[in-house]
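Morning, everyone. Please bring up the model on your screens, and we'll go through it piece by piece.

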Amino acid sequence: MNKIANCRMRCVLLVALFAVQSVWADVPTFTIEIRGHLFYPAQLVVPANTKIKLIVINQDPTPEEFESYELNREKVIMGGAKATIFIGPLKPGDYPFFGEFNPKTAQGLIRVEN
């Protein structure tokens, strides 16, 4: 690849990166913590028909997997780490989620309301 083509590729990637950042800058953000193999809060109420940013902070020393069949999401979050998950826009309703590594205790619900 010559220098001009390489420079054009970098410019296109840079413009795309700024476009993505500006789109996500206005997304409502919600936070869930994992402590003692439980989700806090266990229920979140989020607006309908809106894309949201969900930050999951794992305060436990062991990994956990945020999983939801209804949301079509799964993400492993190492102990002491956090993950960002974008979901929606969703129709009104209840969307359960659970921790796959501790499914009996780590359970929660995202309630989507108008």
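Let's start with one pair. Pro47 sits opposite Glu113, and Glu113 belongs to strand 9. Keep in mind that this model is predicted.

Now the pairing of the strands. Strand 9 covers residues 107–113, and strand 3 pairs with it in the parallel sense. That pairing runs over 5 bridges.

On to charges. How many salt bridges does the count come to? The count is 2.

Take Arg111 and Asp94. Their side chains meet in a salt bridge, 2.7 Å from N to O. Arg111 lies in strand 9, while Asp94 lies in strand 8, residues 93–99. So this pair ties together parts that are 17 residues apart in sequence. Arg111 has 27% relative accessibility, so it counts as partly exposed. Asp94 is also partly exposed, at 40%.

Then there is Arg35 with Glu33. Their side chains form a salt bridge too, at 3.0 Å, N to O. Arg35 is partly exposed, with 37% relative accessibility. Glu33 has a relative accessible area of 23%, so Glu33 is partly exposed as well.

That's my tour. Over to you.

Definitions and conventions
Residues are numbered from 1 along each chain as its sequence is written. This is a predicted model: local features need pLDDT of at least 70, side-chain atom pairs count only at pLDDT 80 or more; totals for chains, interfaces and linings use all residues. Side-chain values use heavy atoms; hydrogens and water are left out. Two strands pair if DSSP finds at least two bridges between them. Helices (H or I, at least four residues) and strands (E, at least two) are DSSP runs, numbered from the N terminus. A salt bridge is a side-chain nitrogen of Lys or Arg within 4 Å of a carboxyl oxygen of Asp or Glu. Buried means under 20% relative accessible area, exposed over 50%, partly exposed in between (1.4 Å probe, protein chains only).
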